[in-house]
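Here's a quick tour of some helix packing, with the cut-offs spelled out as we go. Have a look at the model first.

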Amino acid sequence: MPTEPGRPGPAGGADRSGGADPAGGVEAAGGAEAAGPGAAGGAGPVGGPAPAGGSARVLLVVALGGGLGGLARYAFAGLGTAGTIAVNVLGSALIGVLMVLVPRLHPLARPFLGVGVLGGFTTFSAYALDAVRLGGLRAAAYLLAVVVLAVAATALGAAVTRRVLR
């Protein structure tokens, strides 16, 4: 599930073989691309900590994308829990699409779209806050349902994109 800005992101994430990925994100073993360390089981869904040697260009596109993603998320702010679910499921579907498209895109596409736009768009903190507000069994059901929906949306986004590109 995608993360929020300020959390570890793919900009400067490392691949599973231990090599740095200057474009940010993860290249899974066997050549499969993932959206970020978290998406591939690393430090965060759409990224890990920015590398100490991260280029200014990467940081700039992450910041620009994060701003755009945050603005897009704000459009859902008045919807409460339904808005949180919508942005997290939609963002997860879009990260699935991005995982498939990134190898075909510019090297800055992943930090801009994955860490920036989708990181700014999705919200883990609102998800957690919603769960606290719901409390008890409703919170547990909410937490589980959103994770299941988000993972399914990611898989569906990736599958549909692969099918379209054939």
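## How α2 and α3 pair up

The axes of α2 and α3 come within 9 Å and cross at roughly 165°, with axes being lines fitted to C-alpha atoms over the stretch in contact and angles running from 0 to 180 degrees between N-to-C directions. The two helices are therefore roughly antiparallel (over 145 degrees). α2 passes α3 in a right-handed crossing.

As for who touches whom (heavy atoms within 4.5 Å), Val87, Leu90, Gly91, Leu94, Ile95 and Leu98 of α2 meet Leu113, Gly114, Leu118 and Phe121 of α3.

This is a predicted model: local features need pLDDT of at least 70 and side-chain atom pairs pLDDT 80 or more, while totals for chains, interfaces and linings use all residues. Residues are numbered from 1 along each chain as its sequence is written, and side-chain values use heavy atoms, leaving out hydrogens and water.

## Into α4

Thr123 sits in the loop between α3 (109-121) and α4. Thr123 is buried, at 5% relative accessible area (buried means under 20%, exposed over 50%, with a 1.4 Å probe and protein chains only). At the start of α4, a side-chain oxygen of Thr123 reaches to within 3.1 Å of the backbone nitrogen of Ala126.

## The two sides of α4

In α4 (residues 124-134), the buried residues are Tyr127, Asp130 and Ala131. Seen down the helix axis, they fall within an arc of 100°, so they line one face of α4; the arc is taken from the directions from the axis to the C-beta atoms. These buried residues pack against α2 (81-101) and α5 (136-165).

The face turned away from the buried side carries exposed Val132 and Arg133. After α4 comes Gly135, with a positive phi near 65°.

Technical notes
Helix = DSSP H or I, 4+ residues; strand = E, 2+ residues; numbered from the N terminus. Polar contact = N/O pair within 3.5 Å; in protein donor to acceptor, adjacent residues only side chain to side chain. Parallel < 35°, antiparallel > 145°, perpendicular 65-115°, else oblique. Left-handed = near helix turned anticlockwise from the far one by under 90°.
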